[in-house]
Amino acid sequence: MRPFELTAPTTVEAALAAPGTFLAGGTTLVDLMKLNVLTPRHVQDINALPLRGINTTDGLRIGALERMSDIAAHPGVYPVISRALLLSASQQLRNMASIGGNLLQRTRCTYFRDVAMPCNKRHPGSGCPAVSGANRMHALLGTSDSCVATHASDVAVALVALGAQIRLVSATGSRTVELADFYRPPGDSPEVENDLRPGELIAEVLVPRLDWASRSTYVKVRDRQSYEFALCSAAVALDVRDARIVDARVAVGGVATVPWRLESVEAALRGAPVSLESFEAAASVAADGATPLSANGFKVSLLKRTVVRALLELTEGNR
């Protein structure tokens, strides 16, 4: 780790007035600083900022500094969000990590985290060794020749499924963006991972009111039961009436470069009866557009099965 200056502003205005890298829980930033993947000269500890609170009056508003464990335990949080948080990291990390930091965490691609290797995210134009290298954990949706790294956040998948927004603040004002639009597939510029502008800070997460999202879940398939990133995950919410699906929200993780909304699967589910056959038919289009790599072709079928599994979990009493 290289030397850096640490300050601790107590107001949002003070934090935004000075350039620097923002530190909340530090569960991602500190790791990358130790590896010299990130080498900020000025770090601002923002934990004293008034960016906390969980409000469920109309929809869901979550302050960016709320800890993952506190959000997961809140009774007004949709099950898909709570479950995605509880299946993330370890209890100790969830007690430290903030929701804002989690949404901005960097990929766990081993080539990105090894400064001895080329990586287009760290050094644009240097290449992507994962394209032809060790790529079992990598993406097959939203990829490009420049990058095939998966997005790491679990809760981002759940939030994208529910149509969440984030409010961003800067010294010149604030703006609200759809979380699905905030993340950027790599294209020819994998170093640009999101729409966060210089000097901006995530202030809060906004989830629209969706009463039927009380029937929702998050399924995470991984190599071991805890403290492991997803090979594939599915966030699903269903509106079921008279054993027929009226509406659906589906997004997946572990298989794409960004949290991946499956609108084609949602469309196939609407109006369908609650049955294994309907679920399998809808999931059959889940991997459309996928570009498997040398070692991750198994994710095509895994993706479809994971979506079906989540749908079955939600409708066990209706079939």
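Trainee: Where is Ala 243 found?

Mentor: Ala 243 sits in the loop between strand 10 and strand 11. Helices (H or I, at least four residues) and strands (E, at least two) are DSSP runs, numbered from the N terminus. Keep in mind that this is a predicted model, where local features need pLDDT of at least 70, side-chain atom pairs count only at pLDDT 80 or more, and totals for chains, interfaces and linings use all residues. Residues are numbered from 1 along each chain as its sequence is written, and side-chain values use heavy atoms, with hydrogens and water left out.

Trainee: OK. What does Ala 243 touch, not counting residues up to four places away in sequence?

Mentor: Leaving those out, Ala 243 touches Pro 273, Val 274 and Asn 318. Contact here means heavy atoms within 4.5 Å.

Trainee: Is Ala 243 buried, exposed or partly exposed?

Mentor: Ala 243 is partly exposed, with a relative accessible area of 36%. Buried means under 20% relative accessible area, exposed over 50%, and partly exposed in between (1.4 Å probe, protein chains only).

Trainee: And how many Å apart are Ala 243 and Ser 126 in space?

Mentor: They are 53 Å apart, C-alpha to C-alpha, and 117 residues apart in sequence.

Trainee: Which other residues have a positive phi?

Mentor: Asn 36 is one of them, with a phi of about 65°. Asn 36 lies in the loop between helix 2 (29-34) and strand 3 (42-45), and with a relative accessible area of 30% Asn 36 is partly exposed. Ala 89 has a positive phi too, near 50°. Ala 89 is in the loop between helix 4 (79-86) and helix 5 (91-96), and counts as partly exposed at 29% relative accessibility.

Trainee: How many bridges join strand 10 to strand 11?

Mentor: Nine bridges, and the two strands run antiparallel. Two strands pair if DSSP finds at least two bridges between them. For instance, Ala 234 has Val 252 in strand 11 as its bridge partner.

Trainee: What sheet do they belong to?

Mentor: An open sheet of four strands, in the order 9-10-11-12, with antiparallel pairing. Strand 9 (216-221) and strand 12 (260-261) stand at the edges with a single partner strand each, so one side of each has no neighbour in the sheet. Helix 11 (residues 298-314) packs on the sheet and touches strand 9, strand 10 and strand 11 (244-253). The direction of helix 11 makes about 40° with that of strand 10; axes are lines fitted to C-alpha atoms, for helices over the stretch in contact, and angles run from 0 to 180 degrees between N-to-C directions.

Trainee: Why is strand 10 called largely enclosed?

Mentor: Because nine of the 10 residues of strand 10 are buried, the rest of the structure largely encloses that strand. Strand 10 (residues 232-241) also pairs with strand 9 over six bridges, in the antiparallel sense. There, Tyr 218 stands opposite Ala 235, and Val 221 has Cys 232 as its bridge partner.

Trainee: New topic! How many salt bridges does the structure hold?

Mentor: The structure holds 16 salt bridges. A salt bridge is a side-chain nitrogen of Lys or Arg within 4 Å of a carboxyl oxygen of Asp or Glu. One of them joins Glu 204 and Arg 61, at 2.7 Å from N to O. Glu 204 lies in strand 8 (residues 201-207) and Arg 61 in strand 5 (residues 60-63), so the pair ties together parts that are 143 residues apart in sequence.

Trainee: Are those two buried or partly exposed?

Mentor: Glu 204 counts as buried at 12% relative accessibility, while Arg 61 counts as partly exposed at 38%.

Trainee: What about Glu 266, which residue does it form a salt bridge with?

Mentor: Arg 261, with the closest N and O atoms 2.5 Å apart. Glu 266 is buried, with a relative accessible area of 1%, and Arg 261 is partly exposed at 27%.

Trainee: Which residues are linked in a network of salt bridges?

Mentor: Arg 175, Arg 184, Asp 195 and Glu 200 are linked that way.
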